[in-house]
Amino acid sequence: RRSFTMTSYVENETGQAFSFDEKSLLDRVAEAVLDIENCPYEAAVNLLITDDAGIREYNKNYRDIDSETDVLSFPNLEFETPGDFSGVEEQVADCFDPDSGELVLGDIILNVTRVKEQAAAYGHSELREYAFLIAHSLYHLCGYDHMEPEEAALMEEKQEAVLQALSITRF
């Protein structure tokens, strides 16, 4: 288990709340991901919770895609190999917070509307859907992607392992 801490910053611009503590669950999932990925640094991540209109605007502005989605990930690091933190110190000026010394992983924008809709559609809790999307996004922040079938399979396997480790099951 990592002896390092995780710092997260959460902003909810919707006024819609979940039945669980968003920051606490973000921290639990992030700690598990970073533990599995053997991240050797104190780390920080930012989460913005928005709605369909908000995420559509971010998607349009930053990705040139004019549609809603469930989650967006904006990694702060470039990885030669996903999950390999060995080259990070070469990016010190760009990746470490000068005040705290923490490795800034990046930003996550989560669509509260989609969390609620997808949880209902898949027949599991909002907590599970939120944790799944946070794990998914954190793996993007650690350099993983799902453009190729084998990349997608690896990412799905890792996301599921995190949720299992946290006992966050589908039902």
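In this predicted model, the loop between helix H1 (22-36) and strand S2 contains Asn 38. The backbone of Asn 38 stands out for its phi, which is near 55 degrees, a positive value in a residue other than glycine. With a relative accessible area of 61%, Asn 38 is exposed, because exposed residues are those over 50%.

What surrounds Thr 50, once its neighbours within four places in sequence are left aside? The contacts are Glu 13 and Thr 14, then Ile 55, and finally the run of Ile 109, Leu 110, Asn 111, Val 112 and Thr 113. With one of these residues, Glu 13, there is also a polar contact between side chains, at 2.5 Å.

The axes of H4 and H5 lie 8 Å apart, and the two helices pack at an angle of about 115 degrees. H4 is therefore roughly perpendicular to H5. The crossing of H4 past H5 is right-handed. On the H4 side, the residues that meet H5 are Val 115, Lys 116, Gln 118, Ala 119 and Tyr 122; their partners in H5 are Glu 126, Glu 129, Tyr 130 and Leu 133. Sorted by class, this contact of H4 with H5 is made up of 5 nonpolar, 1 polar and 3 charged residues.

H5 (residues 126-141) also packs with helix H6 (residues 149-165), their axes coming within 9 Å and crossing at roughly 130 degrees. H5 and H6 are therefore oblique to each other. The crossing of H5 and H6 is again a right-handed one. From H5, the contact draws on Arg 128, Ala 131, Phe 132, Ala 135, His 136, Tyr 139 and His 140, which meet Met 155, Lys 158, Gln 159, Glu 160, Val 162 and Leu 163 in H6. The classes represented where H5 meets H6 are 7 nonpolar, 3 polar and 3 charged residues.

Arg 128 belongs to helix H5. Is Arg 128 buried or exposed? Its relative accessible area is 2%, so Arg 128 is buried. The side chain of Arg 128 makes a polar contact with the side chain of Glu 160, at 3.2 Å. Beyond its neighbours within four places in sequence, Arg 128 is in contact with Glu 160 and Leu 163, together with Ile 168, Thr 169 and Arg 170. Arg 128 and Thr 169 are separated by 41 residues in sequence, while their C-alpha atoms are 6.7 Å apart in space.

Terms used. Residues are numbered from 1 along each chain as its sequence is written. This is a predicted model: local features need pLDDT of at least 70, side-chain atom pairs count only at pLDDT 80 or more; totals for chains, interfaces and linings use all residues. Side-chain values use heavy atoms; hydrogens and water are left out. Axes are lines fitted to C-alpha atoms, for helices over the stretch in contact, and angles run from 0 to 180 degrees between N-to-C directions. Helices (H or I, at least four residues) and strands (E, at least two) are DSSP runs, numbered from the N terminus. Angles under 35 degrees count as roughly parallel, over 145 as roughly antiparallel, 65 to 115 as roughly perpendicular and the rest as oblique. A crossing is left-handed if the near helix is turned anticlockwise from the far one by less than a right angle, and right-handed if clockwise. Contact means heavy atoms within 4.5 Å. Ala, Val, Leu, Ile, Met, Phe, Trp, Tyr, Cys and Pro count as nonpolar, Asp, Glu, Lys and Arg as charged, and the others, Gly among them, as polar. A polar contact is a pair of N or O atoms within 3.5 Å; within protein, one must be able to donate a hydrogen and the other to accept it, and residues adjacent in sequence count only if both atoms are side-chain atoms. Buried means under 20% relative accessible area, exposed over 50%, partly exposed in between (1.4 Å probe, protein chains only).
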